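Q: Please take a close look at the place where the two chains come together, and describe it carefully for someone who is new to this structure.

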Amino acid sequence: MDWLVPLPVVLPLTGAGLAVAFSRSPRIQRTISVTVLSATLLVAASLLFAADAGPLVVNVGGWAAPVGISLVADRLSGLMLSVSAAVTLCVLLYSLAQGLAEGDREAPVAIYHPTYLVLTAGVAIAFLSGDLFNLYVGFEVLLTASYVLLTMEGTRARIRAGTIYVIVALLSSLIFLVAVALIYSATGTVNLAQLAERLPEIDATTRLILQLMLLIAFGIKAAVFPLSAWLPDSYPTAPAPVTAVFAGLLTKVGIYAIIRTQTLLFGDGRIDGVLMWVALATMVVGILGAVAQSDIKRLLSFTLVSHIGYMVFGIALSSRAGLAASIFYVIHHITVQTSLFLVVGLIEQKAGSTSLNRLGGLARIAPLLSILFLVPALSLSGIPPLSGFLGKVGLLQAGVAAGNSLAYALVAGGILTSLLTLYVVVKAWNKAFWQPPPSEAVMNRNPGGMVAPTAALVALGVAITVLAGPIYSYTDRAAGDLRSQTPYIEAVLSRGDRGEGPSPQAAAEDAGR
Amino acid sequence: MSGFLAPDLPLVVVIAVLVGGGVYLILERSLSRVLIGVILVGNGVNLLFLVIGGPAGGAPIVGLTLRSAMSDPLPQAMVLTSIVITLALTGFLLAMAYRSWQLNEHDEVQDDLEDRRIARMAAIDQAYIEQRRHPGGLEALDEEAAAARDEMASFVEEHWLAEDDEERV
């Protein structure tokens with residue numbers, strides 16, 4: 001099964017190359033993208049099941065682990081890959097239908113397809129990488145693709161939003177790069193498994209500095225509170241499918257990197273206190289920002305920032321229960337947030353606006369749309385029995401189990417944020433769907449090709465609720481792996497201090513010479 | 001591991017100058033200056049990789065150089081990757097600065113929308129207070145608001161701020 005591991009990277013990159021080659025024929029491009037992403041989804045799902053038996057490791061080019069680059073698919077990677085593949089496929093189908101319906105004004109196909117596939121590949125590299133520098137490369141691949149997608153067409157508003165986004169992302173990449181350099185100089189390796197063995201041996205203060213630098217770099221990408229101001233300013237101006245996939249995936253790649261490094265490299269939980277304060281501030285400040293908004297896209301961007309706080313909360317608890325709930329929350333949030341943004345895209349197409357002051361009466365005109373909005377919105381705010389409720393309950397239970405006063409403060413903050421989220425989404429639903437429509441309302445038809453992927457994604461969110469038992473036990477096992485560190489390290493460094501591959505032989509030959 | 005020798009001091013000074021100058025430029029308003037700043041910091045970080053690679057040695061090829069005299073190849077591989085990435089992003093930023101100049105006849109980084117909204121609300125409240133205290137204080141405040149950087153005023157008015165006023169009415 002090991003041969004499956006590189007495929008989530010190889011397939012989209014090959015597809016991107018082919019899509020560039022066929023840039024003159026949109027039909028072939030569409031076929032390539034859909035085929036490649038469907039295949040990626042199948043591969044990711046197989047990895048999800050295969051990784052449940054133990055992490056799968058591939059040493060790229062046959063160079064054994066600490067020397068070469070290893071790709072590792074453990075339970076966490078498998079989960080993240082599967083959800084991201086499902087989400088990217090749905091968003092692609094949505095954008096295809098939108099492009100067909102609007103004469104490709106919103107999404108010029110020639111650059112859209114290759115860039116979108118490169119973005120998918122970058123996300124997969126980040127999830128699979130067993131090497132800190134390769135993680136950096138994965139981040140750069142997905143960020144570069146995201147710059148192009150965000151500024152597509154180069155209109156005034158998008159260049160304005162893109163400027164801020166690109167500069168902030170560049171800055172976080174530079175901080176990440178400095179952290180990689182310093183970690184290499186302190187330990188002599190960038191392999192995550194070997195770092196997990198070596199980092200506890202170095203000076204505690206140096207280790208703290210390295211930990212904080214990585215945390216700042218990933219914190220900017222994940223948009224945790226003091227580092228989150230760029231997000232609501234840049235996401236809403238992009239085309240609807242692009243915003244949806246960014247909101248669903250890109251911040252979660254940052255969260256994934258935080259989970260991976262905080263558990264594998266810095267498992268001692270020394271900065272949990274700081275993380276808890278950050279989580280509390282992210283939740284509360286983010287949702288207060290959402291309360292003040294009158295545009296649905298901006299409102300959802302602020303709830304996105306706010307709910308990142310829940311995931312950081314679970315990480316900061318440094319317990320198996322907290323981590324399991326956090327991973328479950330990530331899975332839930334990717335699907336729900338993406339489907340909400342897709343629905344908003346449908347609303348914008350139908351009524352020509354996303355401003356709550358100009359919308360109204362949609363419940364009567366588009367009853368299906370109102371259901372598609374309401375289900376993920378209620379799930380986001382944590383109404384039982386939907387998946388958001390289950391994730392929040394898990395987090396609150398883990399918080400209460402931790403038992404200290406700061407954890408109780410976070411539990412209170414989590415409940416407050418949940419209630420405010422309910423207020424925000426119900427306000428949006430009331431204004432857009434129930435209020436009498438404005439007199440000059442224009443109503444277009446939503447093409448079925450756009451509604452169907454949105455409905456599929458909403459259904460996926462419901463499926464996470466229905467299958468919450470198996471999924472939760474899977475995330476619990478994933479959290480157990482992460483907490484104990486050994487399955488990961490033993491899988492990568494399978495021969496004690498090296499991985500599989502011809503390089504141990506080479507080293508032995510060299511020593512004998 | 002490449003040993004715990006003291007780092008190369010001149011290189012460290014050059015890195016400090018590059019990063020310091022780069023950070024100063026990134027804080028500027030003009031996108032082309034930010035771009036130069038990013039290039040400076042990027043090159044500073046690239047040099048940092050040379051420092052952490054330890055003292056220079058022979059080519060790291062088995063059979064050509066003794067193991068003890070080899071230089072560490074890994075930081076050089078990383079630095080090459082990061083140079084390529086910096087180059088690509090420099091190209092993208094240049095294109096974006098040029099596009100911004102095409103559209104706005106300048107390439108300045110704009111204010112944050114939320115900042116503008118808050119500043120605007122504060123200005124309206126302030127105007128109300130001033131008006132009650134001494135009528136005629138309004139013009140001064142309007143001038144002040146106009147003097148604030150707001151090149152995207154028309155866009156902002158259309159899309160976000162007009163709605164605030166609707167709400168207020």
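A: Chain A and chain B bury about 4,100 Å² between them, with 69% of it on carbon and sulfur atoms; buried area here is the accessible area (1.4 Å probe) that two parts lose on being put together, summed over both. Of the area that chain A buries against chain B, Arg156(A), Arg160(A) and Tyr184(A) supply 18%, more than any other three residues. This is a predicted model, in which local features need pLDDT of at least 70 and side-chain atom pairs count only at pLDDT 80 or more, while totals for chains, interfaces and linings use all residues. Residues are numbered from 1 along each chain as its sequence is written, chains are lettered from A in the order in which they are written, and side-chain values use heavy atoms, with hydrogens and water left out.

In terms of contact (heavy atoms within 4.5 Å), 47 residues of chain A meet 44 residues of chain B. Between the two chains the count of salt bridges is zero, a salt bridge being a side-chain nitrogen of Lys or Arg within 4 Å of a carboxyl oxygen of Asp or Glu.

One part of this meeting involves helix H6 (residues 156–187) of chain A and helix H2 (residues 31–52) of chain B, which pack at an angle of about 10° with their axes 9 Å apart. H6(A) is therefore roughly parallel to H2(B), a term for angles under 35 degrees. Tyr184(A) is among the H6(A) residues that meet H2(B), together with others including Leu170(A) and Leu174(A), and the H2(B) side includes Val38(B) and Phe49(B).

Notes: Axes are lines fitted to C-alpha atoms, for helices over the stretch in contact, and angles run from 0 to 180 degrees between N-to-C directions. Helices (H or I, at least four residues) and strands (E, at least two) are DSSP runs, numbered from the N terminus. Angles under 35 degrees count as roughly parallel, over 145 as roughly antiparallel, 65 to 115 as roughly perpendicular and the rest as oblique.
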